[in-house]
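Biologist: Hi! I have the sequence and the model open side by side. Could you walk me through it?
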Amino acid sequence: MADGPQPAIPPDQLNGFDPRGNDMKATIERATLLKCLSHVQSVVERRNTIPILSNVLIEATADGGIRLMATDLDLQIVETVEAKVEQAGSTTVSAHTLFDIARKLPEGSEVELHAADGKMQVNAGRARFNLATLPRDDFPVIAEGELPTSFELPGATLRQIIDKTRFAISTEETRYYLNGIFLHVTDEAQPVLKAAATDGHRLARVTVPRPDGAAGMPDVIIPRKCVAELRKLLDEVDGSIEISLSATKIRFGLGSAILTSKLIDGTFPDYSRVIPTGNDKILRIDPKSFMEGVDRVATIASEKTRAVKMTLDRDRITLSVTSPENGTAAEEVPGDYSAPGFEIGFNARYLMDILAQIEGDAVEVHLADAAAPTLIRENDKAAALYVLMPMRV
């Protein structure tokens, strides 16, 4: 997990204040503080055996800014915001407590933060809080080391990569190397950057043009928690995201925030082997009506299997569920299908997760037989591709 607590930020990065001075005094707008704290506190675990990891590091700099930092030793966020600084200095205080206070302070209020003598006063309007602090020198910082690969991705592209793959990330801790999004570059007809996630039952892959600077980058697996925090921050950032990485760390520059994460130390399986190339039975169908039909019949499916049977005949697709406890359900959905008829079963939740990612009004389902992986995509030009393993029904 951790490399052990690193010393706090080196003095040459401290923008004009003495790190030994733990006293500080600054005033910040409540809305600015709340937004910043909402980002940093979500990195902080609710339960910590190491007390300092429950805290946010607050540094007021002489040039009129406040920097907030939080970490769980694997993931770290630093955000810098404007403030009126009367006394440069730093301290650490409970992240969740300060966030809850900021949430409940009156809208439009100015918040005064004053650290001295091992305490921090938070004053806003008529409200006064006196919070316990821990020394900033004890606060651990992730040592990035060299990050030799650097490139930029448009925020919209990074959002697309995450949204179309993260539902397939495994939550099984024993297969830790599947607990993230696999990012790698390949040279095909054109150089591309690929992102993939799988839990062994389904696979999601997105392919985008390789950004300048990404050539020769190491294959990396971005952990699930980092993906979740990054996705939240992307909603508030316009323009491009700066990405720097090595084989062990990755850093995202998102305007006023910098997110740094350790990467999963493992080998992602060769997922290209499970992408079928010879599935010649093709169903073309409206993803929305398909998904709604699956959802309706799955209402009675048992919680354990969530199995839905799909019976394919010429231009007639019947979805059905048989549940020993609840009874049966069936629905016909319109679709374009001309190959020989057969039956195949899927986990309803997995199928709906994939269909929810399809943006157009048609989806191609490439089938082989009841036991073979099924390929799902919008069309052969689409950036995203999905593979779903069938179930016995």
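Predicted model: local features only at pLDDT ≥ 70, side-chain atom pairs only at ≥ 80, totals over all residues.
Biologist: Let's start with α5: which of its residues are buried?

Modeller: In α5, the buried residues are Pro 287, Phe 290, Gly 293, Val 294 and Val 297. Buried means under 20% relative accessible area, exposed means over 50%, and partly exposed is in between (1.4 Å probe, protein chains only). Residues are numbered from 1 along each chain as its sequence is written, and side-chain values use heavy atoms, with hydrogens and water left out.

Biologist: Good to know. Why are the buried residues of α5 on the same side?

Modeller: Pro 287, Phe 290, Gly 293, Val 294 and Val 297 are the buried ones, and they are on the same side of α5 because they cover an arc of only 130° around the axis. The arc is that of the directions from the helix axis to the C-beta atoms. As background, an α-helix has 3.6 residues a turn, so residues three or four places apart point the same way.

Biologist: And what covers them?

Modeller: The cover over the buried residues of α5 includes the strands β18 (281-285), β19 (307-313), β20 (316-323), β21 (327-334) and β24 (363-367), along with α6. Helices (H or I, at least four residues) and strands (E, at least two) are DSSP runs, numbered from the N terminus.

Biologist: How do α5 and α6 cross?

Modeller: Helix α5 (residues 287-297) and helix α6 (residues 348-355) have axes that come within 10 Å and cross at roughly 160°. That makes α5 roughly antiparallel to α6. Angles under 35 degrees count as roughly parallel, over 145 as roughly antiparallel, 65 to 115 as roughly perpendicular and the rest as oblique. The axes are lines fitted to C-alpha atoms, for helices over the stretch in contact, and angles run from 0 to 180 degrees between N-to-C directions.

Biologist: Which residues meet there?

Modeller: From α5 you have Pro 287, Phe 290, Met 291, Val 294 and Asp 295, and from α6 Ala 348, Leu 351, Met 352 and Leu 355. Contact means heavy atoms within 4.5 Å. By class, the contact of α5 with α6 has eight nonpolar, no polar and one charged residues. Ala, Val, Leu, Ile, Met, Phe, Trp, Tyr, Cys and Pro count as nonpolar, Asp, Glu, Lys and Arg as charged, and the others, Gly among them, as polar.

Biologist: Moving on to α3, which residues are buried there?

Modeller: In helix α3 (residues 155-163), those are Gly 155, Thr 157, Leu 158, Ile 161 and Ile 162. They cover an arc of only 160° around the axis, which puts them on the same side of α3.

Biologist: At what angle does α3 pack with α4?

Modeller: The angle between α3 and helix α4 (residues 224-234) is about 140°, and their axes are 10 Å apart. That makes α3 oblique to α4. The contact is made by Gly 155, Leu 158, Arg 159, Ile 162 and Asp 163 of α3, with Val 227, Leu 230, Arg 231 and Leu 234 of α4. Those residues divide into five nonpolar, one polar and three charged.

Biologist: Switching topic: is Asn 123 buried or exposed?

Modeller: Asn 123 counts as buried, at 12% relative accessibility. The place of Asn 123 is in strand β8 (residues 119-124). Not counting residues up to four places away in sequence, Asn 123 touches Glu 110, Val 111, Glu 112, Arg 128 and Phe 129.

Biologist: Where is Phe 129, then?

Modeller: Phe 129 lies in strand β9 (residues 127-134). Phe 129 counts as partly exposed, at 31% relative accessibility. Leaving aside neighbours within four places in sequence, Phe 129 is in contact with Ile 101, Leu 105, Met 120, Gln 121, Val 122 and Asn 123.

Biologist: What about Gly 255: buried or exposed?

Modeller: Gly 255 is exposed, with a relative accessible area of 75%. You'll find Gly 255 in the loop between β16 (249-254) and β17 (257-262).

Biologist: Last one: how many helices and strands are there in the chain?

Modeller: The chain has six helices and 26 strands. Buried residues make up 53% of its 393 residues. Its C-alpha trace spans about 80 × 50 × 35 Å along the principal axes.
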